[in-house]
Amino acid sequence: MQIHKKFSYLDYYILVPFLLLIGAGVVMIYSASSDMLAVAGADPTIYLKRQFFWVIVALVITTIVFLSKIDIWRSDRLIKGLLIMTLILLVYLVVLSIVHPAAAVNGAVAWINLGPINIQPTEIAKLTIILYFAFIFNKRGPKLSHGQIWHNLFGPIILAGVITGLVLIQPDTGGASILAFIAAIMIFSAGIPIGWGLSFVTLLGAFIPLGINLLKKFPLPFLEHSYQYQRILSFLYPFQRERAGGSQLVNSYFAINNGGWLGRGLGNSIQKKGYLPVPYTDFILSVIAEELGVIGVAVILGLLFFLIGRIIYVGIRAHSTYRTLICYGVAAMMFVQASFNIAGVIGFLPITGVTLPFISYGGSSIVTLSIAIGLVLNISSTEKRERAARSKKAQH
Amino acid sequence: MKNPSPKKIHNYNKIRRNRVYFGIVLLMVVVGLFFIFLGRFSYIVASGKLNNINLKERTNLKYQQDRRLTAVRGTIYDANHNVIAEDSNVYNLYAVIDSKYVSNKNKPLYVKDKAHTAAVLSQYIPLSKAKIYGVLNNQDPNAFQVEFGNAGKNLSLEVKNEIEAKHLPGIYFTKSPSRLYPNGNFASHIVGLAQLDNSKKASNGTLVGVMGIESYFNKVLTGKNGVRRFKTDSYGYELPDSPVTTKKPKNGQNITLTLDSRLQSYMESTISDVYQQYAPVKMTATLMNAKTGKILAATQRPTFNPATKAGLDGSWQDALVQEAYEPGSVFKLLSLSAAIDSGHYTPNAYYQSGAVNVSGNVVRDWNYNGWGSIPFSQAFPRSSNVGFVKIEQQMGAKTWLDYLNRFGINKKTGITLPGEASGSLAFKRPLDQAITSFGQGVNVTVMQMMQAFSAVANNGKMVKPQIVSEISDPTTGKTTKTKTQVTGKPISKNTAISVRNAMKDVINQSYGTGQVYAIPGYDIGVKTGTAQIAQNGAYLAGDSNYIFSVVGMAPIDDPQYILYITMQQPQKMTKPAEQILASAFNPIMKRALEYNTDQKAPDVASITMPALTGQALTEAETKLNQTGLTYGVVGSGDKVVQQLPLAKENVLAGQRTVLLTNGAMTMPDVKGWSKNDVLKLAEITGVKVKFKGDGYVVSQSIPANHILNTDSKLEILLSSQKTE
């Protein structure tokens, strides 16, 4: 396929939101980080510059992935290589946390330092699971009829479980949850009866409120020293625990309330000035709410959810199981990650340290997302071309 | 392509359908969650409330900062408006030694050159170069900053400025409010002390009076702090465009005491001499204006220096109001007054001195043998206890008690000093009643005695002792003056005159106990006292175990001053007690009497000095010519920057004014000037002057129009013949 032809089938419903979101991200990262950098005596544009650099890298990667032949992403060698590399990196982190605990950042050993850049194996793991599940379920899809389901799912689930488990012990609860959700959604869309998927979603929807209510009625004091339990308590009683860990959520509420409907205006957040922790990553949405108001949040989240919806739509329309699964996997990744972040800053879920896709600062995240967008753009374009070809054939 | 079997196609379609359904479900979840999330954002904004907590209020509270605007603590002045206590700041020195402490541009903000820094600092703080170096050379790797102990504390603004002018990197100061007592030992227990309040409530440093006037008028002096309320970010920076409300501080009021610093200083040094020489356990001295009750000077030993805090670990009690003691024979002033006033005094009747039996107890004269049969008129000058027991018996306990009450014994005077004691009076048994006549068995405070004495001095009119002369509000300018307060008329004018005549006898009669208190040129009346000290229910024995005292009034015919000195148990009693007391009493009383005449004389032909500072020289010269004052000009400028005498001072016609102008200081031609005039010049220029001879200037070592600086030494030759 010639390059110009591929471009002519470019899916603008994906490309335009993608570009707008990373653009908005750059602007908001500058707004959210410049004050605290200035107070610390550092260059206030340093995060702006770094993010800008990563955006350029991301656009190059997206272009390359978009232009690649979609089928090279399902080669045995690539998938095997990815799985092995992911496992090695994650095990390396576990070893590192034992021999060199000082490598921990914010309590978790989640990064591998490679000189000028840090890589986050969890991000690689997300792509690995998406590509591996799409590959394996595409192969085994037809066999996933009754009776054969467990037999065919067992291997992939164990593998995904090991990867997720390795992330969980970093400890990166947020990352592990995202991986588990991606895996779950891909398993349910692999072709097993729809009832299974629906019951899973229903159970999950019921379990979270039930768990929360149980925890409120029967606190677990023996977990008092557990970081995760503290997070959950802070989520349940943010105002009471404002001075003991609940301040993050409370400050996010303050930011949203400060912003009102129309916002305080770009650059005018008060909460970013030392009240919100890491306002340019986990709490960038709070800053957006404060500066651009609910309207601004609606626009940004509208773009993001439209993009996710569009990716699912591409997946629904795709003719091959493989392509559908890639789309669902990518959409699941973005959706779960976004939901965890949003739910955290508005007090629906405990704060898990998950960033907002496309908007939050971070090179690893944007590179992963750019590969994912590249894949989806590639699939969308390929599908369109094939559809065009089919309708041409039908006309003849 | 081989056609797939129908079953396989069916299966494939089913799987695909499942996938599509699942996709649609997923899509619905995505859309649903989007609206749920937006709903939550909208809910937070629309209600402004979560968990019943108003977010707007909470944020306002969170951002709100109150910065205290400290009210200036009122100044305490003496009667001539000299500062006794005022607010100031002191500075504490510290040095940052952490070499990681650098500016953005990598300039060191820590002590880099330790040797140089130590050398410079040693010139300003009382610590050797080597010791400072030792402190700076702290090897503790965790040490960020170091301090220099007491040597680096409480530095004045001047010292701080001078050190800062040396631009030593890493040298910093913290500021803390402090109270300045420029006079050192100066009625210390009366003025009291204000210190930094270190309690948690006032952690950021407020001065609180803990003793004396500082404590009694603490609220008046403190004023009310203001507050500046504004909003900040988490780093403490003010938020732009946030509303600021300011409540101005209300500065504390100034208090002018009745103390006269010239008399007070003189009293301090005189009493100090006595205290050092004879080492009494305690000593007090109080000088009061007899007419108004104003305390002009008062002190006690041991004392403390509020500027250095030296001696503060001793007594915190104001001995003049908080301590009650048995006054001894000075109390006979009261018993004599009572007897005369009630008509029970028979001066010409005789009694047997030496000893008297009171309900089974023997009361003796200080001279155990007595003086034989003597008239009652000698009982007072001889200080005969036996005579006074008899006088008391003649007037009866009831009358005596009545007079004690009239004199305000056993009752607080109400002077504005903290912790005043009311004393006590044992008056049940006839023995008790008898011995009160010579000041035993009754506990009084110095202030009670001063008040009672005033009735005698003031022709029967008793006045309340006052320490505060006025309180003024610096903001409103409102001034409240303390009025003379007559607290009763316990005795008649004639009684008072008779008692004062008896006081004269104490000095003038050959048998008087107070002959040493005579001051040539002045008519004085005194009463001496030698009180036994009760301890554990018994009186102490031994030559020095007494409270020796003397009260005197002068001029005795129309007393201006009452001076009362007490001295307890001198440890080095190298002289008789009355000689020791006289070495304090006589000079102080003399100074007060001289001072009084000094003050009156200039009123005759005085001119009020006009304000000249800030005016053009020509204008000032015109004014001086008009008022008939001569003048000398220092410096070559055209504007007056300083003048002596100061504006509003009373000066005599013909007295010379010294004007300092802007520009370099130059020596004026001082030929014909008086010594006093040259001293004014020295004061204004800081030049050290050495005089030879007396009279008027005939020559000066620095020629006229030569440049002067503060190191200049000027020799002046004076001659009694005016050269002109």
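In chain A of this predicted model, one helix contact pairs I14(A), L15(A), F18(A) and I22(A) of α2(A) with I366(A), I373(A), V376(A) and L377(A) of α13(A). Sorted by class, the residues of this α2(A)–α13(A) contact are 8 nonpolar, with no polar and no charged ones. Helix α2 of chain A spans residues 12–39, and helix α13 of chain A spans residues 363–395. Their axes lie 11 Å apart, at an angle of about 165 degrees. Angles over 145 degrees count as roughly antiparallel. Therefore α2(A) and α13(A) run roughly antiparallel to each other. The crossing of α2(A) past α13(A) is left-handed.

**Helix pairs**

Two packed helices are described by the angle between their axes and the distance between those axes.

| Helix pair | Angle between axes | Axis distance |
|---|---|---|
| α2(A) and α13(A) | about 165 degrees | 11 Å |
| α7(A) and α8(A) | about 150 degrees | 9 Å |
| α10(B) and α15(B) | roughly 135 degrees | within 9 Å |

Chain A holds another of these pairs. Helix α7 of chain A covers residues 173–188, and helix α8 of chain A covers residues 194–217. Their packing angle is about 150 degrees, so α7(A) and α8(A) are roughly antiparallel to each other. Here too the handedness is defined: α7(A) and α8(A) cross in the left-handed sense. From α7(A), the contact draws on F181(A), A184(A) and F188(A). From α8(A) come W196(A), G197(A), F200(A) and L204(A). By class, the contact of α7(A) with α8(A) has 6 nonpolar residues, 1 polar residue and no charged residue.

The pair in chain B brings together helix α10, residues 332–341, and helix α15, residues 493–508. The axes of α10(B) and α15(B) cross at roughly 135 degrees. That angle makes α10(B) oblique to α15(B). The crossing of α10(B) and α15(B) is right-handed. On the α10(B) side, L333(B), L336(B), S337(B), I340(B) and D341(B) make the contact. On the α15(B) side, the residues are T495(B), S498(B), V499(B), A502(B) and M503(B). This contact of α10(B) with α15(B) divides into 6 nonpolar, 3 polar and 1 charged residues.

**The interface between the chains**

Chain A gives 61 residues to its contact with chain B, and chain B gives 46. Between them, the two chains bury about 4800 Å². Carbon and sulfur atoms account for 73% of that area. Three residues of chain B stand out: R19(B), F22(B) and F41(B) supply 16% of the area that chain B buries against chain A, more than any other three residues. The number of salt bridges between chain B and chain A is 0.

**Salt bridges**

Over all chains, the whole structure contains 27 salt bridges. One of these joins the side chains of R229(B) and D66(B), with an N to O distance of 2.8 Å. The pair ties distant parts of the chain together. R229(B) sits in strand β10 of chain B, residues 226–231. D66(B) sits in strand β3 of chain B, residues 64–69.

**Backbone features in the loops of chain B**

Where are the cis peptide bonds? One runs from R301(B) to P302(B), with omega near -5 degrees. P302(B) lies in the loop between β14 (295–301) and α10 of chain B. Another cis bond joins A554(B) and P555(B), where omega is about -15 degrees. P555(B) falls in the loop between β28 (546–554) and β29 (561–570) of chain B.

N154(B) is a further backbone feature. Its phi is positive, at about 55 degrees, although N154(B) is not a glycine. N154(B) belongs to the loop between β6 (145–147) and α5 (157–164) of chain B.

Terms used
Residues numbered from 1 in each chain as written. Chains lettered and ligands numbered in written order. Predicted model: local features only at pLDDT ≥ 70, side-chain atom pairs only at ≥ 80, totals over all residues. Heavy atoms only, no water. Axes fitted to C-alpha atoms, helices over the stretch in contact; angles between N-to-C directions. Helix = DSSP H or I, 4+ residues; strand = E, 2+ residues; numbered from the N terminus. Parallel < 35°, antiparallel > 145°, perpendicular 65-115°, else oblique. Left-handed = near helix turned anticlockwise from the far one by under 90°. Contact = heavy atoms within 4.5 Å. Nonpolar A, V, L, I, M, F, W, Y, C, P; charged D, E, K, R; others polar. Buried area = accessible area lost by both parts, 1.4 Å probe. Salt bridge = Lys/Arg side-chain N within 4 Å of Asp/Glu carboxyl O.
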